[in-house]
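Subject: Structure handover

Hi,

Here is the structure I promised to pass on. Please open it first, then read my notes below.

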Amino acid sequence: MTNTLNTPNTPHTRISRMSNPGEFVPELKDVSAALFRATGNQSVPRTTMNLIHLRAGQIVGNTYLTILNTGFLRKAGETEERITAVSSWQDAPYFTDAERAALALLEATLQPAPHGRERVTDELYAEAAKHYDKKALATLTIAIGQINFFIALAVIGKPHPVSSLADEQWD
């Protein structure tokens with residue numbers, strides 16, 4: 001089955017690289033559900049989770065993840081300024097100190113470390129710990145691992161861009 005995504009003046013054919021991996025590895029549903037339960041304990045605001053997941057999609061250059069998490073943020077009532085500014089969060093005035101710490105932690109995890117330095121420095125960890133208690137910091141760490149898990153599926157499998165998990169993602 002070939003789906004077509006039509007944007008103004010630009011028709012594009014969308015074809016996933018693989019079928020839904022859950023059809024072949026049914027345990028994927030359990031893993032995914034467990035990750036969502038682990039990060040859904042409300043110790044970190046869902047908006048913060050979606051901000052870091054959007055930033056992760058931007059860093060790895062994945063349309064599926066950026067559209068999905070942009071959709072989640074819009075549904076949560078986030079402003080277009082905040083959504084648009086995620087890619088330049090360091091100098092954007094729209095984010096709290098706690099959100100900045102979460103975004104910095106994500107970026108340190110996803111991007112190569114400067115030569116001879118740790119990815120997550122003691123200073124960065126201390127900054128995050130100022131804004132998140134032990135449970136929230138553990139949850140944030142799991143959320144960063146969660147997006148890394150889904151990055152592999154998104155960049156290898158190339159599911160269709162969707163704004164909701166209820167939408168069909170795979171051919």
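Is phenylalanine 150 buried or exposed? Phenylalanine 150 is buried, because its relative accessible area is 19% and the cut-off for buried is under 20%. Keep in mind that this is a predicted model.

**The aromatic cluster**

Phe36, Phe149 and Phe150 make up one aromatic cluster. A pair of aromatic rings is described by the distance of the centres and the angle of the planes. The count here is two aromatic pairs. In one of them, the ring centres of phenylalanine 36 and phenylalanine 150 are 5.9 Å apart. Their planes sit at 40°, so this pair is tilted. Phenylalanine 36 belongs to helix 2 (residues 27-39), and phenylalanine 150 to helix 8 (residues 134-157). The pair therefore ties together parts that lie 114 residues apart in sequence. Phenylalanine 149 and phenylalanine 150 also form a pair, and that one is edge-to-face. Its figures are 5.1 Å centre to centre and 85° between the planes.

**Helix 2 against helix 8**

How do the two helices run? Their axes, those of helix 2 and helix 8, come within 9 Å and cross at roughly 150°. Helix 2 and helix 8 are therefore roughly antiparallel to each other, as angles over 145 degrees count that way. The crossing of helix 2 and helix 8 is left-handed. On the helix 2 side, the contact is made by Leu28, Val31, Ser32, Leu35, Phe36, Ala38 and Thr39. Helix 8 contributes Thr139, Ile142, Ala143, Gln146, Phe149, Phe150 and Leu153.

**Two loop residues to look at**

Where is asparagine 62 found? Asparagine 62 is in the loop between helix 3 (46-60) and helix 4 (63-75). At 8% relative accessibility, asparagine 62 counts as buried. A polar atom of the asparagine 62 side chain lies 2.9 Å from the backbone nitrogen of leucine 65. Leaving aside neighbours within four places in sequence, asparagine 62 is in contact with Gly57, Ala154 and Val155.

Glutamate 78 is in the loop between helix 4 and helix 5 (80-85). Glutamate 78 is buried too, at 18% relative accessibility. Which side chain does the glutamate 78 side chain make a polar contact with? The partner is the side chain of arginine 82, at 2.3 Å. Not counting residues up to four places away in sequence, glutamate 78 touches Thr47, Leu73 and Ile83. Glutamate 78 and threonine 47 are 31 residues apart in sequence, yet 8.2 Å apart in space, C-alpha to C-alpha.

**Positive phi values**

Glutamine 42 has phi near 70°, a positive value in a residue other than glycine. Glutamine 42 sits in the loop between helix 2 and helix 3. With a relative accessible area of 73%, glutamine 42 is exposed.

Lysine 158 also has a positive phi, near 50°, and is likewise not a glycine. Lysine 158 lies in the segment after helix 8. Lysine 158 is partly exposed, with a relative accessible area of 44%.

Best wishes

Note on methods
Residues are numbered from 1 along each chain as its sequence is written. This is a predicted model: local features need pLDDT of at least 70, side-chain atom pairs count only at pLDDT 80 or more; totals for chains, interfaces and linings use all residues. Side-chain values use heavy atoms; hydrogens and water are left out. Helices (H or I, at least four residues) and strands (E, at least two) are DSSP runs, numbered from the N terminus. Buried means under 20% relative accessible area, exposed over 50%, partly exposed in between (1.4 Å probe, protein chains only). A polar contact is a pair of N or O atoms within 3.5 Å; within protein, one must be able to donate a hydrogen and the other to accept it, and residues adjacent in sequence count only if both atoms are side-chain atoms. Contact means heavy atoms within 4.5 Å. Rings of Phe, Tyr and Trp (its six-membered ring) pair if their centres lie within 6.5 Å; planes under 30 degrees apart count as stacked, over 60 as edge-to-face and the rest as tilted. Axes are lines fitted to C-alpha atoms, for helices over the stretch in contact, and angles run from 0 to 180 degrees between N-to-C directions. Angles under 35 degrees count as roughly parallel, over 145 as roughly antiparallel, 65 to 115 as roughly perpendicular and the rest as oblique. A crossing is left-handed if the near helix is turned anticlockwise from the far one by less than a right angle, and right-handed if clockwise.
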